[in-house]
Amino acid sequence: GIDRTETNASTSQLERVIYVGGLSERYGPELLSRAFEKIADNCKITLDLVCRETEFQSLSVDIRKRFDSDWVNIHHISGDELHEVYTRADAGIIPISPTAYNDMAVSVKLFEYLSYGLPIITTNVEEMASFVQSFDCGLVCEANHEDLAQGLVTISTDEELYRHKKENAVQALKQNRWVDRAKQVTSDLMVER
């Protein structure tokens with residue numbers, strides 16, 4: 001569920017993607033860095049990478065070198081400081097690889113991204129992919145850097161597609177607030193006598 005409901009101002013084009021979270025192998029930093037590196041010369045998308053400094057420093061030298069580029073802004077912030085970065089974003093990205101756990105889990109970040117009205121770009125992990133597809137609020141890509149890069153190019157160059165996904169992200173937000181979930185539980189538990 002979501003408790004924040006102030007969405008970003010509407011934009012007609014995707015220019016800035018945000019990733020907030022861990023950088024262990026489970027979260028896909030190699031996939032993320034390789035996808036953005038692949039599109040860097042042909043597509044002007046900025047990545048706002050929000051992570052803990054210690055996790056960034058623990059990345060392999062190769063991944064850190066990829067992130068040392070003009071297409072990425074690295075932020076070591078949390079809490080209220082995130083608001084400004086979120087309000088500049090046009091989409092949120094979740095680049096995790098399919099595993100038994102990842103396939104059944106739904107990342108809290110998916111709902112946090114939606115709370116800002118951001119379309120989701122995710123890999124094909126089952127539950128998150130199912131959610132994104134059922135609300136048509138983003139793109140689901142194969143968990144490889146080529147397909148993720150192609151998804152980024154597609155949504156950033158097709159303004160109509162981007163607007164459609166953004167509108168649906170706002171609708172998904174409105175249908176997944178905590179208050180709505182509580183009302184549904186109440187309704188489900190009410191029995192006519």
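Largest pocket. I looked up the lining of the largest pocket in this predicted model and found 17 residues. Arg26, Tyr27, Ser107, Val108 and Lys109 lie nearest the pocket centre. Strand β1, helix α5 (100-104) and helix α6 (108-115) are the elements that each give two or more residues to this lining. I then sorted the lining residues by class: 11 are nonpolar, 4 polar and 2 charged. For the volume of the largest pocket I noted about 240 Å³. Rolling a water-sized probe over the atoms is what shows where empty space remains.

Arg16. Leaving out residues up to four places away in sequence, I listed what Arg16 touches: Ile45, Thr46, Asp48, Asn73, Arg88, Ala89, Asp90 and Ala91. Which side chain makes a polar contact with the side chain of Arg16? I noted that of Asp48, at 2.6 Å.

Ser134. My last entry concerns Ser134, placed in helix α7, residues 126-135. Is Ser134 buried or exposed? I recorded a relative accessible area of 55% for Ser134; the cut-off for exposed is over 50%, so Ser134 counts as exposed. A polar atom of the Ser134 side chain lies 2.9 Å from the backbone oxygen of Phe131. I also checked Ser134 against Ala172: the two are 38 residues apart in sequence, and their C-alpha atoms are 9.4 Å apart in space.

Terms used:
Residues are numbered from 1 along each chain as its sequence is written. This is a predicted model: local features need pLDDT of at least 70, side-chain atom pairs count only at pLDDT 80 or more; totals for chains, interfaces and linings use all residues. Side-chain values use heavy atoms; hydrogens and water are left out. A polar contact is a pair of N or O atoms within 3.5 Å; within protein, one must be able to donate a hydrogen and the other to accept it, and residues adjacent in sequence count only if both atoms are side-chain atoms. Contact means heavy atoms within 4.5 Å. Helices (H or I, at least four residues) and strands (E, at least two) are DSSP runs, numbered from the N terminus. Buried means under 20% relative accessible area, exposed over 50%, partly exposed in between (1.4 Å probe, protein chains only). On a 1 Å grid over the protein atoms alone, a cavity is a set of points where a 1.4 Å probe fits but cannot get out, and a pocket is an open set with protein on both sides within 12 Å along at least five of seven lines; lining residues have an atom within 4 Å of a point. Grid points are joined across faces, edges and corners, and a volume is the space filled by probe spheres set on the points. Ala, Val, Leu, Ile, Met, Phe, Trp, Tyr, Cys and Pro count as nonpolar, Asp, Glu, Lys and Arg as charged, and the others, Gly among them, as polar.
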